[in-house]
Amino acid sequence: MTSSVVHRDAIDDGFDPHPLRGRFNSAFFAAMDGYIDLQMRKRKRAVFAGLPQTVVELGSGVGANLRYLSTATRLIAIEPNPYMHGRLRRAAARRGVDLEIRDVVAERIDLPDASTDAVISSLVLCTVADPAAVLAEVRRVLRPGGRFSFAEHVGAREHTPTRWVQRALRRPWAWVFEGCSCERDLASTIESAGFASVDIQQYRIHSPFLPFNTHIAGTAIA
């Protein structure tokens, strides 16, 4: 399958790639791919089922969600971290996915209005600078009736041990994991983003990475 990169000035778009952090995240998520997928597989299978042959993905990373795409899918990957691109290309080639990488931030998706039927994301909205702006872009590029399917890391309920740990570790966690916030109420952000309908399930995984254990998964229809 083919693979290409559409280049933009990612720094001007607000993403400041850090060589050490970028390389670490690429290697970390490649090494942890199987473990993270085991934790999230049930929910991802549900929300990523029946995707069309062309999919836009926010923050494709090293290709964790390629396993949920059918062979010969065209994937438009919004991935501003250049250190992810090599692993993402190789993973797409192994799985027979036609890959196009666009190295822009999700707040400024360089696609026309109403140009796609499906946008997906996982472990992305916790890292972006402005989740509401990203969701506005998702709505803009989706055709009427198109779907946004997601599996995201969110803040735990207030006054719980997990929330205390998330708050205590928020600064080092954010630096290491490219801005990831442990405390975002992304369910409310998605529900208030103007989609025609939203279906969200909250769930918890059980990993030694305690700040990472609270999640949502669902689909929003434009």
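Student: Which residues of α1 are buried?
Tutor: In α1, the buried ones are Arg 21, Gly 22, Asn 25, Ser 26 and Phe 28. Keep in mind that this is a predicted model.

Student: And what covers them?
Tutor: The cover over the buried residues of α1 includes α3 (85–95) and α6 (170–176).

Student: How far does α1 reach from end to end?
Tutor: Helix α1 takes in residues 19–31, which is 13 residues, and its first and last C-alpha atoms are 18 Å apart. That is close to the 18 Å expected at 1.5 Å a residue.

Student: You mentioned α3. Which of its residues are buried?
Tutor: His 85, Leu 88, Ala 91 and Ala 92 are buried in α3. Looking down the axis of α3, these buried residues fall within an arc of 130 degrees, so they line one face of the helix.

Student: What's exposed on the other side of α3?
Tutor: Ala 93 and Arg 94 are exposed there. As for the buried residues of α3, their cover includes β3 (74–78) and β4 (98–102).

Student: What happens just after α3?
Tutor: Gly 96 comes there, with a positive phi of about 70 degrees.

Student: Let's jump to α5. Where do its buried residues sit around the axis?
Tutor: Thr 162, Arg 163 and Gln 166 are buried in α5, which runs over residues 161–168. They cover an arc of only 95 degrees around the axis, so they are on the same side of α5. The face turned away from that buried side carries the exposed residues Pro 161, Trp 164 and Ala 168.

Student: And what covers the buried residues of α5?
Tutor: Their cover includes β6 (142–153), α6, β7 (197–204) and β8 (214–221).

Student: Is Cys 180 buried or exposed?
Tutor: Cys 180 counts as buried, at 5% relative accessibility. Cys 182 is in no disulfide either, and its nearest cysteine sulfur, that of Cys 180, is 5.3 Å away. Cys 182 is buried too, with a relative accessible area of 1%.

Student: Now Met 40. Which helix is it in, and what does it touch?
Tutor: Met 40 lies in helix α2, residues 33–47, and counts as buried at 0% relative accessibility. Leaving aside neighbours within four places in sequence, Met 40 is in contact with Leu 123, Ala 151, Tyr 203, Phe 212 and His 215. Also, the C-alpha atoms of Met 40 and Arg 204 are separated by 9.5 Å, while the two residues are 164 residues apart along the chain.

Student: Zooming out, how many helices and strands are there?
Tutor: The protein has seven helices and eight strands. Its radius of gyration is 16 Å, close to the 17 Å that the globule rule gives for 222 residues, so the protein is as compact as a globular protein of that length.

Student: What about burial and contacts overall?
Tutor: Of the 222 residues, 51% are buried. Among contacts between residues at least 6 apart in sequence, 71% join residues at least 24 apart.

Notes. Residues are numbered from 1 along each chain as its sequence is written. This is a predicted model: local features need pLDDT of at least 70, side-chain atom pairs count only at pLDDT 80 or more; totals for chains, interfaces and linings use all residues. Side-chain values use heavy atoms; hydrogens and water are left out. Helices (H or I, at least four residues) and strands (E, at least two) are DSSP runs, numbered from the N terminus. The expected span of a helix is 1.5 Å times one less than its number of residues. Buried means under 20% relative accessible area, exposed over 50%, partly exposed in between (1.4 Å probe, protein chains only). Contact means heavy atoms within 4.5 Å. A disulfide is a pair of cysteine sulfur atoms within 2.5 Å. The arc is that of the directions from the helix axis to the C-beta atoms. The radius of gyration is taken over C-alpha atoms; the globule rule is 2.2 Å times the number of residues to the power 0.38.
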